[in-house]
Amino acid sequence: MATLRDDLASDPNVQRLIPGVLRGLARPQALRLARSIVSTAKEVEIQTASGLSVGKGVGYDVDLVVLDRVMARTVKGLYFHHFEKPIPIGYDVRAFSFAGLQGVDQSLRGNIIDTITALTSQHLHRVGDRIFLYWYQTPPEHEVVSAWLLLLYLRLPFLCIIGPKDECATRTV
C-alpha cells in the first residue's frame, strides 16, 4: 500500500508535472492504470518512519513489479546514454524498489548496504531540480556489469543491477 504523499504533492517540481500526469491518465491507453488507482484507493493511517501516527491519508496499492520494470527500462536508457551503445545481448537489468527489499535476510541486507555505500561514493548525476538523482559503478574489468542507485524526488530509491541474463533471471532479492 502506498500513500499519496503530502510531502511530494507540495513539492514545486511535482506541481509542475501534475497537469501532464492528468492529461496522460485521461488517454484511452491509461484507462486501466487510472481505474487501478481509483479502485484500490482507501483511507489509511499515516505513520512516521519511527511508527508514530500522524493522521489519515489516502493510500492505494502499487504494483512494485511494474515500478521495477520502469526503473529497469530507465537504466537501459542511462546505460546507452553513458556508454553510447545498448546493453549487449546476454545481459539484462534487474531493478528493486527499496519498498520491495523490506524482508531480505541480514546477510543480503549487508551486501545491499555495502553496494549502496560504494555507489554513493561515485559521481552524482542529476536530472532536473531534485527530481531524479542517480549513481552508477562498473568494475574496471567489465564495462557491462554494473550497479545503479536511482533516487526520485529525494524519497523513492531503487537499486538496479546489470548482469548476465541467466543470473539476472534466476536471482531474486
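This report describes the fold, the charged pairs, the aromatic residues and a few backbone details of one predicted protein model.

The structure is a predicted model, in which local features need a pLDDT of at least 70 and side-chain atom pairs count only at pLDDT 80 or more, whereas totals for chains, interfaces and linings use all residues. Residues are numbered from 1 along each chain as its sequence is written, and side-chain values use heavy atoms, with hydrogens and water left out.

**Overall picture**

The protein chain averages a pLDDT (the predictor's confidence in each residue, from 0 to 100) of 83, and 90% of the residues score at least 70. Confidence is lowest in strand β1 (residues 2–3), with a mean of 48, and highest in β6, at 95. The chain holds 6 helices and 8 strands, taken as DSSP runs numbered from the N terminus (helices are H or I with at least four residues, strands are E with at least two). Read from the N terminus, the order of the elements is β-α-α-α-β-β-α-β-α-β-β-β-β-α. Along the principal axes, the C-alpha atoms fill a box of roughly 50 × 40 × 30 Å. Of the 173 residues, 28% are buried, where buried means under 20% relative accessible area, exposed over 50% and partly exposed in between (1.4 Å probe, protein chains only). Among contacts (heavy atoms within 4.5 Å) with a separation of 6 or more, residues 24 or more positions apart account for 50%.

**Salt bridges**

Side chains of opposite charge can pair when their charged atoms come close. A search of the whole structure finds 3 salt bridges, each defined as a side-chain nitrogen of Lys or Arg within 4 Å of a carboxyl oxygen of Asp or Glu.

| Pair | N to O distance | Relative accessible area |
|---|---|---|
| K56 and E45 | 3.1 Å | K56 55%, E45 39% |
| K76 and D92 | 3.9 Å | K76 40%, D92 26% |
| K85 and E143 | 2.8 Å | K85 36%, E143 38% |

In the salt bridge between K56 and E45, K56 lies in strand β3 (residues 53–60) and E45 in strand β2 (residues 42–47), so the pair ties together parts that are 11 residues apart in sequence. In the salt bridge between K76 and D92, K76 belongs to helix α4 and D92 to strand β4, so this pair ties together parts that are 16 residues apart in sequence.

**A buried aspartate without a salt bridge**

D68, in helix α4, is buried yet has no salt bridge, and the nearest side chain of opposite charge (Lys and Arg count as positive, Asp and Glu as negative, while His and the chain ends are not counted) is that of R94, 6.7 Å away. A polar atom of the D68 side chain does, however, lie 2.9 Å from the backbone nitrogen of S97. S97 is placed in strand β4 and is buried, with a relative accessible area of 6%. Leaving out residues up to four places away in sequence, D68 touches A95, F96, S97 and F158, while S97 touches L64, D68, P157 and F158.

**Aromatic residues**

The whole structure contains 5 aromatic pairs, in which rings of Phe, Tyr and Trp (its six-membered ring) have centres within 6.5 Å, with planes under 30 degrees apart counted as stacked, over 60 as edge-to-face and the rest as tilted. For F83 and Y136, the ring centres are 6.0 Å apart and the planes stand at 75°, so the pair is edge-to-face. This pair links distant parts of the chain, F83 in helix α4 and Y136 in strand β6 (residues 132–137), 53 residues apart, and both residues are buried. Y79, F83, F132, Y134, Y136 and W148 form one aromatic cluster.

Y134, also a residue of strand β6, is buried at 4% relative accessible area, and its side chain makes a polar contact of 2.7 Å with the side chain of H82. A polar contact is a pair of N or O atoms within 3.5 Å; within protein, one must be able to donate a hydrogen and the other to accept it, and residues adjacent in sequence count only if both atoms are side-chain atoms. Beyond four places in sequence, the contacts of Y134 include L78, H81, H123 and W148.

**Positive phi values**

Most residues other than glycine have a negative phi. E84, in the loop between α4 (64–83) and β4 (91–97), has a positive phi near 60° and is exposed at 68% relative accessibility. Y153, in the loop between β7 (146–152) and β8 (156–164), has a positive phi near 55° but is buried at 15%.
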